[in-house]
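These are my notebook entries on a structure that I had not examined before. I record below what I looked up, entry by entry.

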Amino acid sequence: MPSTQHLLLKQLLTAATGPLARRRPRLTAMRLAFELLSFGQLMPWNVFLEDASVEGMPAEWVRPAGVDTRRVILYLHGGGYVLGSLNTHRALVGTLAQRCGVVALAINYRKAPEYPFPAALEDALLAYRWLLAQGYRPEDIMVAGDSAGGGLALSLLVALRDGGEALPAAAIGLSPWTDLMLPSGLMRRVCQEESQVLEALEIRGWGPLYASTTALTHPLVSPVHARLHGLPPLLIQISNAEVLGDDVQRFAEKARAAGTPVTLQVFDGLVHWWHLFWRFLPEARLALDQVAVFTAEIWGQTAAKAA
């Protein structure tokens, strides 16, 4: 059963829906609001930041004290491919890196509609190749992301595989957006709150903004439509009460059928993006701890093979 803190979060979400639906905020206003909300974040203790430039793309090293600097998480933030930044996800990346005991590189990939597909994917590929050029081995890199960033991480794997490039050790999708063809009919009743917000913010239009002239079913836009063989181990976390839930479980089933190792963790009754609220949601802290268990297992297996 969801925690009291999560029930409060759902109540706040429901209360915000009416004003949002009436005002229909523009994308520029939503971007600004998201950035302003990020000012209230507090970084975990003993996690340090360092500006970076990945061939001119803004990025940020997240370095918890005392961790293994030989391994790295490449983090791709969420935001429907149209909003979000290093600022909005800094604390989440910080606690994730700290719990996993490694450094992280977060990138500020280009956003739609100014930069539609394949800009974000090109930036993700650039960052991965840049890490290799810095001396990181593929087996010492994991790719992670939330929502659209999680979908982008999966698309990155497909693009690397199709290009014959070395794949990272694993990928982590936190409520990944795997199918940009959001349902146009009635949502499942368990997603009622999210559906209302989706309509109020006109999020249905974000996928087409990103895809632009490319079909929403293109495998590098919506990875659920890709061939999913030959990928590294995947950790997928999803809630059974979020709009993306069915699509993500369909992706996991398809990947398993193709022979890709998938760890699917389904949480009960949680809203989309619950990971962002790790400061006060016990479910978010539990989920991130399970990510740390997964990374330790994968890198432990890698070390055992190398011994």
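**Entry 1: Cavities**

I searched the whole structure and found two cavities of 30 Å³ or more. On a 1 Å grid over the protein atoms alone, a cavity is a set of points where a 1.4 Å probe fits but cannot get out, and lining residues have an atom within 4 Å of a point. Grid points are joined across faces, edges and corners, and a volume is the space filled by probe spheres set on the points.

I noted that the model is predicted: local features need pLDDT of at least 70, side-chain atom pairs count only at pLDDT 80 or more, and totals for chains, interfaces and linings use all residues. Residues are numbered from 1 along each chain as its sequence is written, and side-chain values use heavy atoms, with hydrogens and water left out.

I read a volume of about 50 Å³ for the largest cavity. Its lining is formed by Glu 60, Val 62, Tyr 75, His 77, Ser 85, Leu 86, His 89, Arg 90, Val 93, Ala 106 and Ile 107. Strand E2 (57–64), helix H3 (86–100) and strand E4 (102–107) are the elements that each give two or more residues to this lining. Helices (H or I, at least four residues) and strands (E, at least two) are DSSP runs, numbered from the N terminus. H3 supplies the largest share of the lining, four residues.

**Entry 2: Ser 38**

I located Ser 38 in helix H2 (residues 27–38). Is Ser 38 buried or exposed? Ser 38 counts as buried because its relative accessibility is 9%, where buried means under 20% relative accessible area (1.4 Å probe, protein chains only). Setting aside neighbours within four places in sequence, I found Ser 38 in contact (heavy atoms within 4.5 Å) with Asn 87 and Thr 88.

**Entry 3: Helix H9**

I then followed helix H9 (residues 282–306), which has 25 residues. From its first C-alpha to its last H9 reaches 36 Å, close to the 36 Å expected at 1.5 Å a residue; the expected span is 1.5 Å times one less than the number of residues. Among the buried residues of H9 I list Ala 284, Leu 288, Val 291, Phe 294 and Trp 299.

**Entry 4: The whole protein**

I counted nine helices and eight strands in the protein. Of its 307 residues, 54% count as buried. The C-alpha trace spans about 60 × 40 × 40 Å along its principal axes.

Conventions
Buried means under 20% relative accessible area, exposed over 50%, partly exposed in between (1.4 Å probe, protein chains only). On a 1 Å grid over the protein atoms alone, a cavity is a set of points where a 1.4 Å probe fits but cannot get out, and a pocket is an open set with protein on both sides within 12 Å along at least five of seven lines; lining residues have an atom within 4 Å of a point.
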